[in-house]
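Work through the exercises below with the sequence and the model at hand. Each task is followed by a solution in steps.

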Amino acid sequence: MKLIIFTAPSGAGKTTIVHRLLDMDSRLKFSVSATTRKKRDYEVDGKHYYFLTEEEFKSKIQKGEFIEWEEVYPGVFYGTLASEVERLTRAGKAIVFDIDVKGALRLKEKYGDAALTIFVKPPSLQVLRERLANRNSENTQSMVKRLERIKFEMSFEDRFDRVLVNDDLDKAVAEAKKIIDAFLSQR
């Protein structure tokens, strides 16, 4: 089993990079995370996330059904279900994760050399602010919270196997593909 774990502050482009890689490499399968956050209009339950109520999420925590989870914002939980990893392992694919910083570090600790952690970094904090503003998905209060969280997440950058600067999306995807190819060729 090989795990490829992408993490980044919100707006750094990790999800776009992950989806491009999944489209170009049949060896990879995406691990769908669970969350309690509200579903966006375009999102599909079971494809983008498993959308759970806070009560459902906490029940799964109590039952030990997560291999990692985090309360990223008050009342907003994200996590990886053990059943999701088991499902993808049975499919014989390398598992790609798009998760928060602490979850990524927990998976690396649990799976060691079977896991590759990649921290996607924006070219600057200003570029990140602009990307978030262009999404039009944040009010002023949530933007302030998100920016505080971004500064916190950026402080973990040096704890990951690789750092990928996303200043040009095509170049970042090509570099990520090289990193993954090298990782998957290791025994």
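Predicted model: local features only at pLDDT ≥ 70, side-chain atom pairs only at ≥ 80, totals over all residues.

**Exercise 1. How many salt bridges does the rule give, and which residues form a network?**

Step 1. The count is 15 salt bridges.

Step 2. Take E43 and R37. Their closest N and O atoms are 2.5 Å apart, which makes a salt bridge. E43 is buried at 5% relative accessibility, and R37 is buried at 13%.

Step 3. Take R87 and E84. This salt bridge has its closest N and O atoms 2.9 Å apart. R87 and E84 are 3 residues apart in helix α3 (residues 82–90), so about one helical turn separates them. R87 is partly exposed at 38% relative accessibility, whereas E84 is buried at 2%.

Step 4. Look for linked pairs. D25, R27, K177 and D181 make up a network of salt bridges.

**Exercise 2. Give the strand order of the 5-stranded sheet and identify its edges.**

Step 1. Two strands pair if DSSP finds at least two bridges between them. The order of this open sheet is β2-β7-β1-β8-β9, with parallel pairing.

Step 2. The edge strands are β2 (28–30) and β9; each has a single partner strand, so one side of each has no neighbour in the sheet.

Step 3. On average, neighbouring strands of this sheet are turned by 25 degrees against each other, direction ignored. Axes are lines fitted to C-alpha atoms, for helices over the stretch in contact, and angles run from 0 to 180 degrees between N-to-C directions.

Step 4. Inspect one pairing. Strand β1 (residues 3–7) and β8 are joined in the parallel sense over 5 bridges, and T7 has F119 as its bridge partner in β8.

Step 5. E153 lies in helix α6 and is buried, with a relative accessible area of 5%. Leaving out residues up to four places away in sequence, E153 touches A8, P9, S10, V101 and F119; contact means heavy atoms within 4.5 Å.

**Exercise 3. Describe the 4-stranded sheet and the helix that packs on it.**

Step 1. The strand order is β4-β3-β6-β5 in an open sheet with mixed pairing.

Step 2. At the edges stand β4 (50–51) and β5 (66–73), each with a single partner strand, so one side of each is left without a neighbour in the sheet.

Step 3. Strand β3 (residues 34–35) pairs with strand β6 (residues 76–81) in the antiparallel sense over 2 bridges. In this pairing T35 stands opposite Y78 in β6.

Step 4. Helix α2 (residues 54–62) packs on the sheet and touches β3, β4, β5 and β6; the directions of α2 and β6 make an angle of about 45 degrees.

**Exercise 4. Which rings form an aromatic cluster, and how is the pair F57 and F66 arranged?**

Step 1. Rings of Phe, Tyr and Trp (its six-membered ring) pair if their centres lie within 6.5 Å; planes under 30 degrees apart count as stacked, over 60 as edge-to-face and the rest as tilted. The structure holds 7 aromatic pairs.

Step 2. F57 and F66 are stacked, at 4.3 Å centre to centre and 25 degrees between the planes. Both F57 and F66 are buried.

Step 3. F152 and F156 are edge-to-face, at 5.0 Å centre to centre and 75 degrees between the planes.

Step 4. The cluster consists of F57, F66, W69 and F77.

Terms used
Residues numbered from 1 in each chain as written. Heavy atoms only, no water. Salt bridge = Lys/Arg side-chain N within 4 Å of Asp/Glu carboxyl O. Buried < 20%, exposed > 50% of the residue type's maximum accessible area, 1.4 Å probe, protein only.
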